[in-house]
Amino acid sequence: MKLATYKNGTRDGVLMLVSRDLQHTCEVADIAPTLQFALDNWAEVAGKLQTRYEQLNDRVTDSQPFNPARCESPLPRAYQWADASAYVNHVELVRRARNAEMPDSFWTDPLMYQGGSDDFIGPRDDVVLPSDEWGVDFEAEVAVITDDVPMFCNTSTAASRIRLLMLVNDVSLRGLIPGELAKGFGFFQSKPASSFSPVAVTPDELGDAWQDNKVHLPLRSTYNGQLFGQPQAGEDMTFDFARLVAHAAKSRNLGAGTIIGSGTVSNKQGTAHGTAIDEGGVGYSCIAEVRMIETIRDGKPATPFMQFGDRIHIDMLDAAGNSIFGAIDQQLKPLKG
């Protein structure tokens, strides 16, 4: 199934089914008024939603053209949003740029932080911030939404509780991160609201691309009209989604609607730090990685972070070149007092 949330003037919007080709949509309030309701009652409503979804694809139910501009993030707010760093290549680059050793434990124990989940940005809405001097960066990622997950479960149980997948733009304020981490208490102000793809999909929609609890497709980031990166989301992912969900549940139960992110998708590409698109590589999923490579190579970064007016477009295509989740497409804009 493919599910979206249309804006309707309420905090949680209205749940919509979206056709496989992302061309048509229909409201399903008679089955589940919101995505959170559907997740809370998945055993009871999933079959009904699937039947309606098949009718939508067969064009035998009332529908309307799908408009991503009307979408909230699939969950406009969530009980929990935790983001990992499953691609250790990304972490290694960050530390190399500042001449810091990477502990061996980073390869065996996932990094994860708890982000703000009360206010997500719509996939076609502007990213609004008070300043573009805080090192504004995009981070292209994949995320899963879970059902209830029991505390201290194994990876098999964790995998069975994955209900939906989405794309993520995990907005980061790189200029604020060092000061916050120096306090020894983690991210807060440096991690503003994130945004998610227009559509969340059940794993079966990915077909053979969903294997070993990973998405084996390129994640495309287009920055100011130029292809910036298309790394393979299934490669160099040290910790798969089942491992990440189990890690998050080590000491707590996870409620239905918990979102777990992969962290920035990053490929080594057979080198120590990957290769840019214009050099024949698959590129990168954030500006910070380019700046890290420039620092390692030249002693200082040259590529600026995002400025007001810059635009980021994040998408994932199937083998036939069709968008799976719909695209995140956003412009950075100033907060107006």
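What percentage of the 337 residues of the protein chain count as buried? The share is 53%, where buried means under 20% relative accessible area, exposed over 50% and partly exposed in between, with a 1.4 Å probe and protein chains only. The model is a predicted one, in which local features need pLDDT of at least 70 and side-chain atom pairs count only at pLDDT 80 or more, while totals for chains, interfaces and linings use all residues. Residues are numbered from 1 along each chain as its sequence is written, and side-chain values use heavy atoms, with hydrogens and water left out.

View 1. The protein chain has seven helices and 20 strands, which are DSSP runs numbered from the N terminus (helices, H or I, of at least four residues; strands, E, of at least two). Along the principal axes, its C-alpha atoms fill a box of roughly 60 × 45 × 40 Å.

**View 2. Aromatic rings around Phe228.** The whole structure holds eight aromatic pairs, counted for rings of Phe, Tyr and Trp (its six-membered ring) whose centres lie within 6.5 Å, with planes under 30 degrees apart taken as stacked, over 60 as edge-to-face and the rest as tilted. One of these pairs joins Phe138 and Phe228 edge-to-face, at 5.4 Å centre to centre and with 75 degrees between the planes. Because Phe138 lies in the loop between strand E8 (136–137) and strand E9 (140–146), and Phe228 in strand E17 (residues 226–229), the pair ties together parts that are 90 residues apart in sequence. Phe228 also pairs with Tyr223, edge-to-face, with ring centres 5.9 Å apart and planes at 85 degrees. Phe138 is buried at 0% relative accessibility, Phe228 is buried at 16%, and Tyr223 is buried at 12%.

**View 3. Strand E5 and its two partner strands.** Strand E5 (residues 81–84) is covered on both faces, with Trp81 and Asp83 buried on one side and Ala82 and Ala84 buried on the other. E5 pairs with strand E6 (residues 112–115) in the antiparallel sense over four bridges, where two strands count as paired if DSSP finds at least two bridges between them. Within this pairing, Ala84 has Met112 as its bridge partner in E6. Strand E18 (residues 259–261) runs parallel to E5 and is joined to it by three bridges, with Gly261 of E18 opposite Asp83. Trp81 also belongs to a cluster in which ring pairs link it with Phe120 and Phe196.

**View 4. Leu165 in the largest nonpolar core.** A nonpolar core is a set of buried Ala, Val, Leu, Ile, Met, Phe, Trp, Tyr and Cys residues joined through side-chain atoms within 4.5 Å. The largest one has 71 residues, of which Val142, Leu165 and Met316 touch the most other members. Leaving out residues up to four places away in sequence, Leu165 is in contact (heavy atoms within 4.5 Å) with residues including Val142, Val199, Trp210 and Phe325. Another core, of 30 residues, lies apart from the largest one, and Leu17, Ile31, Ala46 and Ile145 are among its members.

View 5. Leu39 lies in helix H1 (residues 35–40) and is buried, with a relative accessible area of 0%. Although Leu39 and Gly257 are 218 residues apart in sequence, their C-alpha atoms are 6.2 Å apart in space. Beyond its neighbours within four places in sequence, Leu39 has contacts that include Leu75, Ile145, Arg163 and Gly257.
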